[in-house]
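Biologist: I am new to this one. Can you take me through the fold, step by step?

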Amino acid sequence: EFRRVFVRSFTSEPGPADLNQIESYQRAMTVRQFMVNELGLDSERAVALGLGETEQLPGPRTTDSPRRNRRLVIMALPEGAP
C-alpha cells in the first residue's frame, strides 16, 4: 500500500514560463485523474505537481533537449516512509 503517489510533470524551456507551468500542471492532473478513475487510486493519496521548466535535465543542449525535458515522473511513497 502507498501513502502518497506524486505525478510530477515538466516542460521544456521554449515558450513563456507561466504557460509552461500551466501546461505541466494540466498534464499532471490528466494523468492523476486517469489513475484515480481507471486504476482505482484513492484520490486523497494522489498529488499532481506541475513543475514547468524548473528542472531541466543536465547535459548539453541538442535538438533533442526539448523532447527529453517534456516528461512525467511518477513517484510512490510506501506506507511508513518519512
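**The sheet and its helix**

Modeller: This is a predicted model. Start with a pair of strands: β1, residues 2-10, runs antiparallel to β3, with eight bridges between them.

Biologist: Which residue in β3 does Val7 stand opposite?

Modeller: Stay with the pairing of β1 and β3, which is antiparallel. Look across from Val7 into β3. The residue there is Ile74.

Biologist: What is the order of the three strands in the open sheet?

Modeller: Two strands pair on one side only: β2 (46-50) and β3 (71-78). They are the edge strands. The pairing is mixed, and the order reads β2-β1-β3.

Biologist: How many degrees does the twist average from one strand to the next?

Modeller: Take the open sheet in its order, β2-β1-β3. Step from one strand to the next, and the twist averages 15°.

Biologist: What angle does the direction of helix α1 make with that of β2?

Modeller: Helix α1 covers residues 17-39 and packs on the sheet. It touches β1, β2 and β3. Its direction and that of β2 make an angle of about 160°.

Biologist: How far apart in space are Leu72 and Leu49, C-alpha to C-alpha?

Modeller: In sequence, Leu72 and Leu49 are 23 residues apart. In space, their C-alpha separation is 9.9 Å.

Note on methods. Residues numbered from 1 in each chain as written. Predicted model: local features only at pLDDT ≥ 70, side-chain atom pairs only at ≥ 80, totals over all residues. Heavy atoms only, no water. Pairing = 2+ DSSP bridges. Helix = DSSP H or I, 4+ residues; strand = E, 2+ residues; numbered from the N terminus. Axes fitted to C-alpha atoms, helices over the stretch in contact; angles between N-to-C directions. Contact = heavy atoms within 4.5 Å.
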